[in-house]
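Here's a quick tour for anyone meeting this protein for the first time. Have a look at the model, then read on.

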Amino acid sequence: MDKRIVRTQAKAEKALFELMQEQNFPEISITDIANQAKISRMAFYRNYNSKEDILNKFIQKEYATFIDDITTHHFKELEQLLEVYFDYFKNNPAVLSAIVSASVEGFALRKQSDYLLDFFKTRIKNQQPAPIEIAYCSGAIFASLLYWRENDYQYSAAELAEHLAEKIKNDLLQTGEKIF
């Protein structure tokens, strides 16, 4: 890929990330992003169709980093997966802060659910929760993450992961199906 394209995209992504920490996503304009990135609107539109494209790419990169980290560990237990998840966001507070400040939690949750579904399909092939179960787990995980952040990370990532994994397992097992 052309270095200028990569540089322009990196500037636009960084600009959106910075703006998201100060404003709600719907309030951010293409002009705001271009001005913050010090690129022209034409350069913006050569690389993206909309600001949602940048947001999508930003969240994909963050979750891809998280998924890559999980993959290198070859986890087999939900607790391990969750501990890395919570550690990631605790160690990268600006990511979650930008998501919350920009009011794009729903978008992030949908992307997280997509990644979680993909993770099970490609990495844990012998355990395939139904998409509705993935949505349930993803919602519980994301809500717990937000609660944990709002309460100044009062538990360790390991404690939170263990408690949440146990709760998810118990809830899913009550349906009569073994998911995890």
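How many cavities of 30 Å³ or more does the structure hold? There are two.

## Ground rules

This is a predicted model, where local features need pLDDT of at least 70 and side-chain atom pairs count only at pLDDT 80 or more, while totals for chains, interfaces and linings use all residues. Residues are numbered from 1 along each chain as its sequence is written, and side-chain values use heavy atoms, with hydrogens and water left out.

## The overall build

The protein has nine helices and zero strands. Helices here are DSSP runs of H or I with at least four residues, strands are runs of E with at least two, and numbering starts at the N terminus.

Of its 180 residues, 43% are buried, meaning under 20% relative accessible area with a 1.4 Å probe, protein chains only. Take the contacts (heavy atoms within 4.5 Å) between residues at least 6 apart in sequence: 66% of them join residues at least 24 apart.

## Inside the largest cavity

A cavity is a set of points on a 1 Å grid over the protein atoms alone where a 1.4 Å probe fits but cannot get out; lining residues have an atom within 4 Å of a point. Grid points are joined across faces, edges and corners, and volume is the space filled by probe spheres set on the points.

The largest cavity holds about 120 Å³ of space. Twelve residues line it, and the closest to its centre are Phe66, Leu81, Tyr85, Gln112 and Leu116. Helices α4 (51-73), α5 (78-91) and α7 (105-123) each give two or more residues to this lining.

Key: 1 Å grid on protein atoms, 1.4 Å probe; cavity = no way out; pocket = protein on both sides within 12 Å on 5 of 7 lines; lining within 4 Å. Buried < 20%, exposed > 50% of the residue type's maximum accessible area, 1.4 Å probe, protein only.
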